[in-house]
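Student: Hi, could you walk me through this one? I'd like to start with a single residue and its surroundings.

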Amino acid sequence: MSQIIFHLTETMARYKVSVKALSEELGISTSSIAHWRSGKAKPSLDRLNEVMSALSKIGDPEQIQAFPLRLSDVIEWRVNKDENLN
């Protein structure tokens, strides 16, 4: 089986975005962000677009200029080693 890995914690740290700032920008609770960061939940594709936009908007401008935000910074798709890809 394949899986999507959400790297929100690492991305927020790179761009110096706090949980509170992201939750306020998205208009959601900090507990929703906490669930995404812990892997207990994942945002929908529409919400992922909003997360990317929010990170770009409120992230540290110097970091964003030096390391432009990419979708691959936030999500990763993995195929489990046991999965047969015939």
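**Aspartate 73 and beyond**

Tutor: Leaving aside neighbours within four places in sequence, aspartate 73 is in contact (heavy atoms within 4.5 Å) with His7, Thr11, Arg14, Tyr15 and Pro68. This is a predicted model, where local features need pLDDT of at least 70, side-chain atom pairs count only at pLDDT 80 or more, and totals for chains, interfaces and linings use all residues. Residues are numbered from 1 along each chain as its sequence is written, and side-chain values use heavy atoms, with hydrogens and water left out.

Student: Is aspartate 73 buried or exposed?

Tutor: Aspartate 73 counts as buried because its relative accessibility is 13%, and buried means under 20% relative accessible area with a 1.4 Å probe, protein chains only.

Student: Nice. What does arginine 14 lie over?

Tutor: The face of phenylalanine 67, at 5.3 Å from the ring centre. For such a charge over a ring, CZ of Arg or NZ of Lys must be within 6 Å of the ring centre and within 35 degrees of the ring normal.

Student: New topic: how many aromatic pairs does a search of the whole structure find?

Tutor: One. Phenylalanine 6 and tryptophan 36 are 6.3 Å apart centre to centre, with 80° between the planes, which is edge-to-face (centres within 6.5 Å, planes over 60 degrees apart).

Student: Which parts does the pair tie together?

Tutor: Phenylalanine 6 lies in strand 1 (residues 2–6) and tryptophan 36 in helix 3 (residues 30–38), so the pair links parts 30 residues apart in sequence. Strands (E, at least two residues) and helices (H or I, at least four) are DSSP runs numbered from the N terminus. Both phenylalanine 6 and tryptophan 36 are buried.

Definitions and conventions
Phe/Tyr/Trp six-rings, centres within 6.5 Å; stacked < 30°, edge-to-face > 60°. Buried < 20%, exposed > 50% of the residue type's maximum accessible area, 1.4 Å probe, protein only.
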